[in-house]
Amino acid sequence: MPAPPSSGLDHRTLEKYESIWAGLSLVLVVLLFVGVLASMISGTFPLLRGGGHGAAPASGRIDPTKLGVTAFAHPGLVRTDSGLELYIVARAFTFTPAVVRVPAGTPITLHVTSADVVHGFQVTGTTLNDEILPGHVSSFTVTFRQSGEQHVICNEYCGAGHQDMITRFIVEAPKKE
Ligand code: CUA
């Protein structure tokens, strides 16, 4: 079919445009690749680590198949000589305990680990946000300033029930004595 006489674009010009577009898309693909790589290397996640109110992240190793012989055997809040400690186990697709009552205004040291795959642990209303890895204990100290409810969500895709993986902190006003 002959080209319409008014087009003014001959075959050579079209070829030129074509290679310009092909070149541009190649550049974009390379830029995208470099960008993703750079964000992984620079570690976007470590920026979000720890946090909370003056949290001091600590960590330790643990055998995820033997949580039963550790403090994670009975997850929950315990009072020790050094203060309040809260043990939480993440597993597809729940956190244990499912609901935790904590006092406001008291520092609480959280220890979180996973019994299976990588999960996320993000506490709404705080900057607490960490990756929870099996075999690893993530520890942070937080002080909830206000009473109320805070949600804890898994923000790391961990399987079919990921979006249901949620728990709550019920922060209670300290009891008057
Ligand atoms: Cu656990 Cu997503």
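Two strands count as paired if DSSP finds at least two bridges between them; helices (H or I, at least four residues) and strands (E, at least two) are DSSP runs, numbered from the N terminus. Keep that in hand for this tour of a predicted model, in which local features need pLDDT of at least 70, side-chain atom pairs count only at pLDDT 80 or more, and totals for chains, interfaces and linings use all residues. Residues are numbered from 1 along each chain as its sequence is written, and side-chain values use heavy atoms, with hydrogens and water left out.

**Stop 1: strand E7**

Select residues 119–123, which make up E7. Strand E8 (residues 129–132) runs antiparallel to E7, joined to it by 4 bridges; look for His119 opposite Ile132. The two strands form a hairpin with 5 residues between them, and Gly125 in the turn has a positive phi of about 80°. Of the 5 residues in E7, 4 are buried (under 20% relative accessible area; exposed is over 50%, partly exposed in between; 1.4 Å probe, protein chains only).

**Stop 2: the aromatic rings**

Phe95 sits in strand E4 (residues 94–96) and Phe121 in E7, so the pair ties together parts 26 residues apart in sequence.

Next, pick Phe72 and Tyr87, both buried. With centres 5.2 Å apart and planes at 85°, these rings are also edge-to-face.

**Stop 3: the cores**

Select Leu86, Phe95, Val102, Leu110, Phe121, Phe144 and Phe169: these have the most contacts inside the largest nonpolar core, which has 24 residues. Such a core is a set of buried Ala, Val, Leu, Ile, Met, Phe, Trp, Tyr and Cys residues joined through side-chain atoms within 4.5 Å. Strand E3 gives the largest share, 4 residues. A second, separate core of 6 residues includes Ile62, Phe72, Tyr87 and Val89.

**Stop 4: confidence**

Finally, colour by pLDDT, the predictor's confidence in each residue, from 0 to 100. The protein's mean is 83; E7 is highest at 95, while helix H2 (residues 44–48) is lowest at a mean of 40. Where pLDDT is low, the predicted coordinates should not be read in detail.

Definitions and conventions. Rings of Phe, Tyr and Trp (its six-membered ring) pair if their centres lie within 6.5 Å; planes under 30 degrees apart count as stacked, over 60 as edge-to-face and the rest as tilted.
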